[in-house]
Amino acid sequence: MLHVRRLTPGERTAVPDAPHVYVHVVRGGITLAEETLGEGDSARVTDAEGLDAVAVTPAELLMWEMLQPLDAAARR
């Protein structure tokens with residue numbers, strides 16, 4: 001499932017509670033698990049329960065919720 005979020009600076013959004021989540025920053029900057037991600041950056045997250053993304057600047061994120069990791073799907 002794809003989640004699209006547009007955030008203002010300081011705004012938080014929950015990362016989906018899924019076994020695997022792929023987060024892509026389309027525009028702006030966020031912090032995710034104490035890491036700063038900027039425009040064009042992405043992160044693969046495992047067991048994202050309770051994790052928030054926080055906008056550092058106006059930001060737009062795409063978050064894909066997956067049952068298996070990306071590389072496992074590619075091996076099929």
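**Strands and a threonine**

Analyst: Three bridges join β4 to strand β7 (residues 52–55), and the two run antiparallel. Strands here are DSSP E runs of at least two residues, numbered from the N terminus. Two strands pair if DSSP finds at least two bridges between them. This is a predicted model: local features need pLDDT of at least 70, side-chain atom pairs count only at pLDDT 80 or more, and totals for chains, interfaces and linings use all residues. Residues are numbered from 1 along each chain as its sequence is written, and side-chain values use heavy atoms, leaving out hydrogens and water.

User: Which residue in β7 stands opposite threonine 31?

Analyst: Valine 54 does.

User: And how many bridges join β4 to β5?

Analyst: Four. Strand β4 covers residues 29–32, β5 covers residues 35–38, and they run antiparallel. Leucine 32 stands opposite glutamate 35 in β5. Two residues lie between the strands of this hairpin. Alanine 33 there takes a positive phi near 50°.

User: What's the strand order in the open sheet?

Analyst: The order is β2-β7-β4-β5, four strands with antiparallel pairing. Strands β2 and β5 are the edges, each pairing on one side only.

User: New topic. Where is threonine 13?

Analyst: In strand β2, residues 12–14.

User: Is threonine 13 buried or exposed?

Analyst: Buried, at 11% relative accessible area. Buried means under 20%, exposed over 50%, partly exposed in between (1.4 Å probe, protein chains only).

User: Which residues does threonine 13 touch?

Analyst: Arg5, Leu7, Leu51, Asp52, Ala53, Leu61 and Met63, not counting residues up to four places away in sequence. Contact means heavy atoms within 4.5 Å.
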